[in-house]
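Dear colleague,

I am passing on the structure below, together with some notes on what was found in it. Please read the notes with the coordinates open beside you.

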Amino acid sequence: MSTDDQQPGNPSLNESDINAIDRLFENGLGSQDPQNQQEHHVHQLLRLLDTPVTDESHKDARADMIEILARRIERESLQEAQLSADDADACDEYIDAGYRVDAVSENARSRAEKLDAIGVMITDTHRVSDTRERLVSATLAGIQSHIDAEESSMKLQPRSGFQLPGRWADLASIAAMLLLAASVIMPIMSGMRSVNQKELCFNNMNQTASAFGLYTGANRDMLPMATAGFGPTWMDVGTTPERSNSSNLYTLVRNQFAGLDDLACPTNPNAARGDADPDAWDWNSLEEISYSYRIMPQGGMRATAVETPVRVVLLADRSPVVLRIKANKPVRPEENSPNHDHTGQHMLMLDGSANWSDTPVLDSRDNIWLPRAIESVIHEVREKHGIITGNEQPDGPTDAFVGP
Amino acid sequence: MSDWQEQSDEQVFEAFRAEETGAYRELIERYHDDLLRFLTRMVGDRAAAEDIFQDTFLQVHISAASFDSSRRFRPWLFTIAANKARDYLRKKNRRKTVELSAPIKKSEPGSSFVDLLQVDVPAPDAAMDLSERDEMVQEALDQLGPALREVLLLAYFQRLSYAQIAEDLGIPLGTVKSRMHSAVAAFARAWKTVSKGEQSL
């Protein structure tokens with residue numbers, strides 16, 4: 001007989017007892033002596049119930065019998081545990097006193113102390129703080145996934161019983177009402193979504209700040225770097241890890257100071273997530289990268305190298321300049337990161353602080369997407385030469401150039 | 001960003017409903033330790049407790065609009081968590097196995113009563129290996145039926161009065177008292193067995 005026949009939640013018999021019952025029923029109670037002590041014990045119990053089960057027509061009764069026996073045994077076990085009258089009174093007094101031992105009467109004090117000690121044992125489990133950051137982040141991420149799923153499946157449905165009106169004018173006005181409702185609902189949902197995504201991204205910055213702190217602490221203040229130098233270009237993500245600056249950032253993942261999820265902005269659908277390949281030295285492609293890392297100089301950089309770390313950007317939402325260059329598109333120096341719909345970018349500073357900025361240009365007029373040399377050229381063009389002066393000519397018939 | 005330290009749970013929850021950045025994270029952070037401990041004790045499995053922890057806050061998020069702001073947040077949160085834990089245990093189909101070969105003796109008058117003064121419960125500041133104590137407490141709790149375990153944990157983790165437990169569980173006050181007495185007795189009996197290193201039933 002299978003225990004699957006029994007209702008979930010009810011007590012069950014172990015395998016050997018069930019087999020013993022089966023053997024007794026198959027052979028017919030009373031027709032054959034029990035073959036072992038277990039069968040003998042079961043036989044004695046069943047005889048107490050005086051239930052003759054001798055033929056195939058009583059197969060269901062076997063299952064019922066086992067159920068009844070198991071429940072009776074469990075009830076016996078539960079009934080055994082009862083508080084003494086003094087303990088019951090002390091329990092009531094202790095709870096009525098708000099679980100305070102000092103507030104119960106002298107007579108009940110020692111028993112209340114036992115109740116209190118039981119409470120401490122039950123509630124004071126340790127080792128929960130070690131998962132705090134991970135679990136909080138995972139919880140927020142789960143909620144975000146739920147919001148994303150809700151948004152993608154959200155449809156405006158007419159309520160049940162809705163009847164199509166006979167006139168086109170009525171249909172048009174109803175459609176207008178639905179569109180108006182959508183125009184209200186969508187921004188609210190979108191607003192909630194972007195708030196949560198920003199929150200998660202900000203959380204990533206904080207997580208990565210901790211990772212940087214741990215890494216530099218273990219590496220004599222040196223910021224993460226995969227190799228002492230790199231080749232022609234730091235933009236070659238995934239092709240030759242010893243070249244790309246992203247492989248320097250990936251050092252945190254490779255050495256398990258951070259996870260891929262910590263470096264995955266929720267707004268990047270192509271971000272690499274989950275378990276990292278233990279043999280990987282870099283992300284596989286530019287699209288997988290969510291955050292741009294400070295370009296490491298040859299020989300590396302110490303976290304203590306500058307006197308004003310609060311002004312040095314260590315990490316930011318990914319650079320739009322690099323993406324445009326790789327896509328052979330014109331660069332817009334002051335464009336915001338594509339993360340968060342170009343509304344701005346998070347920045348993690350060298351001192352561990354993180355903030356949000358709606359421009360890539362710092363207060364010091366330093367553009368985080370560009371090196372100073374190129375910024376100087378742009379400044380020179382703008383400030384010394386202006387954009388146009390009124391003396392320019394089109395560069396031939398195909399040069400589109402209008403004004404004033 | 002608001003200074004959350006100064007604000008009550010209910011105020012932070014209202015801030016979350018008003019879409020203030022960081023409010024929901026603050027709530028999750030506040031309850032991480034207590035709720036995770038509660039769930040671990042309820043289901044006896046840390047990984048499952050973490051999953052239920054996430055499910056609980058997802059449910060809170062989904063049901064945010066329906067929360068009555070005149071109520072306290074904590075009992076509402078723990079009620080959702082307890083429901084989720086109960087669902088998990090039901091799905092996991094945790095059934096106590098009983099053995100027919102175990103002796104079934106007729107109860108003598110007075111033999112079924114537990115006297116707490118005879119139970120060796122370590123004092124809160126007693127020197128003891130906490131990991132070992134954790135495992136023993138869990139082993140003792142696992143011997144309680146789900147209903148007794150739930151009332152015991154809800155009472156101790158939230159420090160609720162009998163009336164509050166009755167309201168949260170939707171059962172009569174008298175039932176709460178007797179169930180609490182049974183739960184304490186059952187735990188004390190189980191603890192006595194576990195702490196002496198005997199085989200449990």
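A nonpolar core is taken here as a set of buried Ala, Val, Leu, Ile, Met, Phe, Trp, Tyr and Cys residues joined through C-beta atoms within 7 Å, where a residue is buried if 20 or more other C-beta atoms lie within 10 Å of its own, exposed if 12 or fewer, and partly exposed in between, with C-beta atoms placed from the backbone. The model is predicted, so that local features need pLDDT of at least 70 and side-chain atom pairs count only at pLDDT 80 or more, while totals for chains, interfaces and linings use all residues. Residues are numbered from 1 along each chain as its sequence is written, and chains are lettered from A and ligands numbered from 1 in the order in which they are written.

The largest nonpolar core has 105 residues, and those touching the most other members are B:L39, B:L152, B:V184 and B:F187. Beyond its neighbours within four places in sequence, B:L39 is in contact (C-beta atoms, placed from the backbone, within 7 Å) with B:A49, B:I52, B:F53, B:A81 and B:A85.

B:K84 lies in helix α4 (residues 73-92) of chain B, helices (H or I, at least four residues) and strands (E, at least two) being DSSP runs numbered from the N terminus. B:K84 counts as buried because it has 21 C-beta neighbours inside 10 Å, and, leaving aside neighbours within four places in sequence, B:K84 is in contact with B:I52, B:D55 and B:T56.

Helix α4(B) packs against helix α6 (residues 146-158) of chain B at about 155°, with the axes 11 Å apart; axes are lines fitted to C-alpha atoms, for helices over the stretch in contact, and angles run from 0 to 180 degrees between N-to-C directions. The two helices, α4(B) and α6(B), are therefore roughly antiparallel (under 35 degrees counts as roughly parallel, over 145 as roughly antiparallel, 65 to 115 as roughly perpendicular and the rest as oblique). Among the residues that meet there are B:F78 and B:L89 in α4(B) and B:L154 and B:F157 in α6(B).

A second pair in chain B is α5 (residues 130-142) and α8 (residues 173-195), whose axes come within 8 Å and cross at roughly 130°, which makes α5(B) oblique to α8(B). In this contact, B:M136, B:E139, B:A140 and B:L141 of α5(B) meet residues of α8(B) including B:F187 and B:W191.

As for chain A, it has ten helices and six strands, and 27% of its 404 residues are buried.

With best wishes

How values were computed
Two residues are in contact if their C-beta atoms, placed from the backbone, lie within 7 Å.
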